[in-house]
Every structure is written in structure tokens, then in C-alpha cells.
Amino acid sequence: MCGIVAATSRKRDIVPLLVQGLKRLEYRGYDSCGVAVWDNGLKRARSVARVAELEEQIKHEHLHGEMGIAHTRWATHGEPLVCNAHPHFAGDEIALIHNGIIENYEEIRAELQAKGVVFSSQTDTEVLAYLVRDCFHGDLLKAVEDALNRVRGAYGIAVFCKQDPSRVVVARQGSPLVIGVGEGEMFAASDTMALAGETDNFIYLEDGDVAELLPESYKIFKHVGTEFEPVEREVRQVQAFSNAVELGPYRHYMQKEIFEQPRAIADTLEAVREITPAIFGDQAAEIFAEIDRILMIACGTSYYAAMTSKYWFEAIAGIPCDVEIASEYRYRKSVPNPRTLVVTISQSGETADTLAALKHARELGMDKTLTVCNVATSAMVRESRLHFITRAGVEIGVASTKAFTTQLTALFLLTLTLAKINGRLTEEEEAQYMTQLRHVPKAVSSVLALEPLIIGWTSRFADKEHALFLGRGIHYPIALEGALKLKEISYIHAEAYPAGELKHGPLALVDESIPVVTVAPNDQLFEKLKSNMKEVEARRGELYVFADSDTGLSSSEHIHVIRMPENYGALSPILHVVTLQLLAYHTALIRGNDVDKPRNLAKSVTVE
Ligand code: F6R
């Protein structure tokens with residue numbers, strides 16, 4: 001949700017570094033982008049095209065400087081127009097970039113207008129830039145601190161001013177921000193990946209932190225009431241990898257990430273030698289002994305991972321489990337139970353709603369918290385007492401794929417751990433499940449080999465505007481995830497239903513024009529599912545069925561069947577979802593969509 005990079009150096013032109021950083025952060029938003037530098041005055045280049053085009057523009061305009069800030073935008077306030085693109089200037093004095101939302105910007109805007117400010121954009125960010133200018137009396141750090149005392153909302157910002165152009169001030173509240181410590185130069189960015197190759201020394205700022213960066217030094221202050229007090233933050237050695245940004249032989253990151261799943265799952269399992277609470281943290285044994293229910297909180301794809309695991313927790317571990325959408329949970333009056341294990345699931349660990357819901361649960365007295373996350377240094381991991389870090393590797397495609405299957409892997413490990421504690425897992429069962437888990441990467445590879453058959457279906461999908469997805473039991477959330485994947489990258493309206501619900505309404509939609517994708521594992525609900533498929537067939541619906549090989553289902557006039565290589569029992573959702581990812585990917589491809597950067601979306605949703 002917007003990416004920011006900033007750098008101040010005494011030894012080089014930092015524009016190439018800023019552009020490189022933007023390219024690596026483009027996954028966070030791509031409605032517009034821009035760079036501002038100090039070059040005997042505030043200079044900037046902004047574009048509503050992609051960073052590659054901005055780079056050309058920068059060459060044309062000969063933008064150079066030893067200090068600068070850069071931004072890639074996911075629009076919140078104001079359309080994706082050049083005038084709304086960051087960096088925003090306040091006159092010729094202040095330049096500012098921002099990731100987040102300033103909630104009270106309208107009242108500040110009106111106040112500044114009354115003082116004669118004429119705004120050139122519809123953004124909350126430009127208001128913040130002018131507010132900093134209004135607070136400026138010779139000291140940029142003080143001006144930023146005073147301005148931040150006036151605003152409500154979420155921000156990661158970087159600011160510089162003409163009076164002191166080697167100094168960059170950055171601040172964080174609710175949006176990720178790291179400082180990169182170089183030699184004779186300092187950097188800041190939304191994600192360490194933006195600075196890969198520039199430094200391995202990073203400081204993860206905390207909410208409320210403001211920092212002042214000069215080429216040779218930095219100072220950090222934390223917000224206490226309305227004051228800012230000096231604070232030390234640990235410098236961590238992190239090897240930020242930029243190779244995740246290389247596409248290799250793939251056309252898109254989403255395709256690369258789908259095919260990386262066997263590796264991602266294997267890596268996630270690698271650190272696990274045996275089923276023991278310790279894999280979730282030192283305090284896990286003690287915490288798990290004190291819980292008798294689970295509350296899972298997440299958004300989007302991560303929410304569907306949570307929904308899937310509810311079936312495991314209740315069936316295998318015998319623990320009641322509730323699943324909540326974070327943006328709903330955080331605002332509704334619920335009944336807290338301190339004996340609840342609160343599990344947040346997030347690829348990024350920065351999703352604003354999930355983070356707020358986690359804090360909300362804690363405020364309600366539920367402090368037994370565990371986060372399943374793909375980013376070890378994220379806010380959510382830091383806010384939780386326990387965690388499990390999936391090892392999917394950086395996920396760049398906006399549509400989540402490998403993060404989902406590694407989340408499921410982690411949640412299955414949690415299920416086995418709790419089942420063991422509850423005396424519901426014999427040694428023999430544990431060994432069987434572990435063997436099955438370790439075989440998942442190979443099983444996923446066999447599913448990936450179905451790609452040509454799936455491509456064969458997609459031409460029939462490409463001209464549709466609607467699709468239905470059906471599943472039952474633990475495969476219902478998988479149908480939901482399949483529908484989400486299809487809608488977000490192909491823009492085909494897709495809905496998922498538990499197949500038994502069809503006759504209670506959605507069957508009215510079924511005719512020969514609507515493809516009905518069915519997830520058909522050979523489980524105890526298969527016969528019921530077959531009856532639901534008959535209901536579709538009788539209405540001349542066109543069924544596209546992913547069926548386990550031992551179901552005996554085969555294609556006929558209006559039923560198209562792709563057989564899954566094997567029936568995978570409890571872990572079957574991890575295999576079935578892969579077919580739906582491929583279906584969405586290839587359908588979007590035929591429709592000519594930008595698969596990795598679907599319209600209106602961005603990775604890492606750090607605003608409400
Ligand atoms: C869909 C997708 C989103 C995310 C959601 C939560 O493909 O990626 O629905 O799953 O925004 O993000 P995280 O997992 O980072 O909290």
C-alpha cells in the first residue's frame with residue numbers, strides 16, 4: 001500500500017538507487033510514482049505510468065541529487081493523476097512522501113486554506129506537506145514532530161526541506177518503515193528489499209518513531225504523549241534479497257510463485273523436526289496449556305486459510321474455533337474469553353485491519369496471541385507472544401498463492417501440536433501425518449503438471465463475465481479462495497458457495513452461460529456433492545470439476561473433469577487450491593490483464 005524510499009549521501013547521485021528501490025516496491029501500489037531530489041532547489045519527476053517509464057522521464061529531465069525521496073502510490077485520496085502523485089511539495093520549501101491515511105486532513109486543509117494555502121492535489125499528503133511547512137521555524141525535525149502532533153491516522157513518511165537539504169526526516173505510525181545504515185549514506189524504505197545490495201544493516205522503526213537521517217549519522221525519537229524522546233533501536237543484520245524480484249524463466253511473478261510452492265512448503269517444513277509447542281515460540285507450551293478455544297483473525301486470502309484450518313482444529317484437535325474477518329471483528333462488540341488462543345494470519349504482517357484486530361483482542365484481555373506470518377520482522381510478529389514464520393519467500397504478485405499454501409502448512413502443524421497436547425494424536429498418527437506433510441511438496445509438483453489440461457479449459461472461461469465455484473466441507477474455503485483468485489486478476493465476477501446451499505438461491509443463476517467450477521475430493525461428502533452437481537447438470541449448467549482420481553468421475557457432454565493425481569486426505573485443500581490458482585492465472589492471461597498488478601489493488605494493505 002504505497003512504497004517509499006529515501007536516501008541521503010555525500011558520495012553519489014542517489015537517483016538510480018531511488019528508481020531501483022521503486023521498481024522493487026512497485027508491488028505495494030502502482031497507480032503512480034515519483035522521485036524528488038535536492039539539486040539547487042526542489043526538483044521532481046512524477047508519472048501515472050509504471051516505474052520503467054518514470055525512469056525514462058528522469059533521464060530526459062536530467063534529475064540528479066545526493067539526497068532524495070521516491071514513492072509508488074496506491075491511491076486513497078484522489079484519482080491516479082500526476083497532480084496527486086507523490087512527492088508533494090509545499091511551495092518550494094518542503095518535499096514529502098507518505099504511505100497511509102491522514103484521517104483529519106479535511107479540517108487541517110480548511111485551516112491552511114484560511115491562511116492562504118492553495119492546494120494543487122486532492123490528497124491528504126499535500127495537506128501534511130503544508131502542515132509541516134506551517135510548523136517550520138528553522139528546524140525540520142521539530143516541524144515534523146509538531147505536525148505529527150496534529151494529525152490522526154496512519155503514516156510512513158519521508159520529508160526534506162530546502163533550508164537543510166542533506167537532512168531527511170522519516171516517521172512511522174501504522175505503516176512499515178526501516179532505516180538502512182550505510183557508510184557515508186543513510187536510507188529509509190517501506191521494505192528492506194528496496195535497499196538490497198546497498199546495506200545489510202537495518203533498523204525497524206516502531207510506531208510513534210521519528211528519525212533524522214544525515215549521510216553520516218541518524219537519531220531516533222519516540223513519541224511519548226506530545227513529546228519526542230531520544231531512543232536507541234537495535235541495528236539488525238538482515239540480508240535483504242533482491243533476487244526474489246528476478247522473474248527467471250517465468251512471465252509473471254504470480255506464475256513464478258505458483259510454481260515455487262513445492263519449494264516454499266518444503267522450506268516451511270524444514271525447521272520442524274517434531275511436533276512440539278516449541279516450534280511456535282518459547283512460551284508456547286505454557287500458553288497452549290491454558291487455552292480451550294481458538295479465535296482466528298485475518299483478511300482476504302489469509303482469512304480463507306483461517307477458515308480452512310477451522311475444519312482441522314475442530315476435527316483433529318477437538319478445539320472449538322471461531323474465524324473472524326479482521327475489519328469486522330475490530331469494530332464489533334464481542335464476548336472475550338481469556339482462555340482463547342488468538343491466531344492472526346497474514347502474509348505481510350502489516351495489514352492494518354488484522355494488526356488493529358490483534359491489538360483489540362489484547363485490549364479485551366485476550367493476551368494469548370500467535371501470528372502465522374511470512375515476514376519475520378513485521379509488526380504483527382512483534383505484537384504477538386508466539387509466532388510461526390512461513391518460508392514462502394517474498395511474494396510479489398498481488399494475488400497471494402504461495403503464502404496461502406505455506407499458511408495452511410503452518411496451520412496444520414498447529415493443529416497437530418494442539419491435538420497432541422489434547423491427547424488426540426497417537427504416535428502412529430503423528431508419524432503418518434508428518435510423512436504425509438513431507439510428501440506435500442512432491443504432490444503439489446504433480447498438481448502443477450496438470451497445467452496444460454487447465455490451460456485447455458481457460459479459453460472457455462475467458463469470454464465469461466460470471467462464474468460459480470462450489471465446494472463442501474473443508475473444500476468450501478478452497479472454492480472461496482478460487483473465486484477470489486479469479487475475480488481479482490481476471491475481473492470475472494465469481495462467487496463461491498458450499499454446494500449444499502445451491503438450491504437455497506444461487507441455482508437460479510445457473511444456465512448454459514455460467515461455468516460452475518467444482519472442487520471434488522473423494523471425501524465423506526463426495527456423494528452429496530455429486531447430487532449437487534446433478535442439480536447443475538439438470539439446469540444445463542457447464543461443470544468444470546477438479547476430481548480426485550479415485551472418484552471415478554469422468555468427462556461427458558456438459559461435465560469437464562480434470563483428475564487430481566492423488567487423494568490427499570486431510571491435506572487435500574493444499575493440492576486443490578493449486579489448480580484454482582492456475583485456472584485464474586491462465587484465464588487472466590487470455591484476457592490480456594496485468595496479472596501481477598490487477599487494477600485497483602496492491603500488496604500489503606496498510607490502510608483501513
Ligand atoms: C488476495 C490477497 C489479499 C490478502 C489480504 C491480506 O490474493 O492477497 O486478499 O490476502 O490483503 O493480506 P495479508 O495476508 O498480508 O494480511
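This is a predicted model: local features need pLDDT of at least 70, side-chain atom pairs count only at pLDDT 80 or more; totals for chains, interfaces and linings use all residues.
# Ligand shell, ring pair and backbone

Visitor: How far is an oxygen atom of the ligand from an N or O atom in the side chain of T351?

Guide: A polar contact needs a pair of N or O atoms within 3.5 Å. An oxygen atom of the ligand lies 2.6 Å from an N or O atom in the side chain of S302, and one lies 2.7 Å from a polar backbone atom of Q347. For the side chain of T351, the distance from an N or O atom to an oxygen atom of the ligand is 2.4 Å.

Visitor: What percentage of the area that the ligand exposes when taken alone does the protein bury?

Guide: The ligand sits in the second largest pocket. Taken alone, the ligand exposes 410 Å². Of that area, the protein buries 87%.

Visitor: Why is the pair of W457 and Y544 described as edge-to-face?

Guide: The count of aromatic pairs is 10. Planes over 60 degrees apart count as edge-to-face. The rings of W457 and Y544 have centres 5.1 Å apart and planes at 75 degrees, so this pair is edge-to-face.

Visitor: How many residues apart in sequence are the parts that the pair ties together?

Guide: W457 belongs to helix α15 (residues 451-462). Y544 belongs to strand β24 (residues 542-548). The pair therefore ties together parts whose separation in sequence is 87 residues.

Visitor: Which peptide bond is cis, with omega near -5 degrees?

Guide: Most peptide bonds are trans. P87 lies in the loop between β4 (67-73) and β5 (88-90). The cis bond, with omega near -5 degrees, runs from H86 to P87.

Conventions:
Residues are numbered from 1 along each chain as its sequence is written. Side-chain values use heavy atoms; hydrogens and water are left out. A polar contact is a pair of N or O atoms within 3.5 Å; within protein, one must be able to donate a hydrogen and the other to accept it, and residues adjacent in sequence count only if both atoms are side-chain atoms. Accessible areas come from the Shrake-Rupley method with a 1.4 Å probe; for residues, only the protein chains shown count as cover. On a 1 Å grid over the protein atoms alone, a cavity is a set of points where a 1.4 Å probe fits but cannot get out, and a pocket is an open set with protein on both sides within 12 Å along at least five of seven lines; lining residues have an atom within 4 Å of a point. A molecule sits in a cavity or pocket if more than half of its atoms lie within 2 Å of its grid points. Rings of Phe, Tyr and Trp (its six-membered ring) pair if their centres lie within 6.5 Å; planes under 30 degrees apart count as stacked, over 60 as edge-to-face and the rest as tilted. Helices (H or I, at least four residues) and strands (E, at least two) are DSSP runs, numbered from the N terminus.
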